[in-house]
Structure formats: C-alpha cells, structure tokens
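Colleague: Before we look at any detail, I would like to learn how to read the surroundings of a ligand and the packing of a core in a model like this one.

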Amino acid sequence: MQGKILIHHEKCKGCRLCMTFCPKGCIRVSAKLNAKGYAYAECDPDKPCTGCGTCALMCPEAIIEVYRE
Ligand code: SF4
Ligand code: SF4
C-alpha cells in the first residue's frame, strides 16, 4: 500500500513524536521555523510512506492527515 501525508506545518510544535514512530522514516525536521518558532515536521519525499497512519495517531496536535492510494 502506498500513502502520503499532509502535515499542517503552522500548528506543529516540533515534538518529533511522528518522526520517532514512523516505521519508514518518512518524516524529518524542517530547516526552517514556522510562525511559532518551531522547527516543524515535514515529509521526506524520498522515503516510501505506506499510509499506515501511525504518525497521525501519535501526533498530540492532531495535525497530520493520511491518504492511502
Ligand atoms: S503514514 Fe505511516 S509510513 Fe506514512 S509517514 Fe505516517 S507513520 Fe510514516
Ligand atoms: S507529532 Fe505533530 S506536533 Fe509533533 S512534530 Fe510531529 S507533526 Fe509536529
């Protein structure tokens, strides 16, 4: 199964839980800061997202949307 995620960057607190729990290493820390001053989570386009949904479940801010193809 293939998937992709959408992270609402501006609401990210940079806690990194999504990165810690993604089994495929698909999420990385951005080089930039959002308006709140956090280095936010972003997708790594070179890693294969399976659409498992773990990142969305773990995010305490509930700002990750998962799409399965
Ligand atoms: S849906 Fe699964 S594979 Fe895709 S980024 Fe989230 S945790 Fe990683
Ligand atoms: S778990 Fe949510 S708040 Fe934490 S870094 Fe990931 S997207 Fe941002």
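**Reading the core and the ligand shells**

Modeller: Keep in mind that this model is predicted.

Colleague: Which residues of the largest nonpolar core touch the most other members?

Modeller: In soluble globular proteins, nonpolar side chains tend to be buried together. Here the largest nonpolar core has 13 residues, and those touching the most other members are Cys18, Ile27, Ala41, Cys55 and Ile64. Two or more residues of this core come from each of β1 and β3, the latter spanning 39–43.

Colleague: How many residues surround ligand 1, and which are the closest?

Modeller: There are 14 residues around ligand 1, with Cys22, Cys26, Cys49, Cys52 and Cys55 the closest, so that Cys55 belongs both to this list and to the core. The shell comprises 8 nonpolar, 5 polar and 1 charged residues, and at least two of its residues come from each of β1 (3–7) and α2 (54–58).

Colleague: Which residues come nearest to ligand 2?

Modeller: Among the 14 residues around ligand 2, the nearest are Cys12, Cys15, Cys18, Ala41 and Cys59, and the shell divides into 10 nonpolar, 1 polar and 3 charged residues.

Colleague: Why does His8 count as partly exposed?

Modeller: His8 lies in the loop between β1 and α1 (17–21), and it counts as partly exposed because it has 15 C-beta neighbours inside 10 Å, whereas a buried residue would need 20 or more. His8 and Ile63, although 55 residues apart in sequence, have C-alpha atoms 5.4 Å apart in space.

Key
Residues numbered from 1 in each chain as written. Chains lettered and ligands numbered in written order. Predicted model: local features only at pLDDT ≥ 70, side-chain atom pairs only at ≥ 80, totals over all residues. Near = placed C-beta within 6 Å. Helix = DSSP H or I, 4+ residues; strand = E, 2+ residues; numbered from the N terminus. Nonpolar A, V, L, I, M, F, W, Y, C, P; charged D, E, K, R; others polar. Core = buried A, V, L, I, M, F, W, Y, C linked by C-beta atoms within 7 Å. Buried ≥ 20, exposed ≤ 12 C-beta atoms within 10 Å, placed from the backbone.
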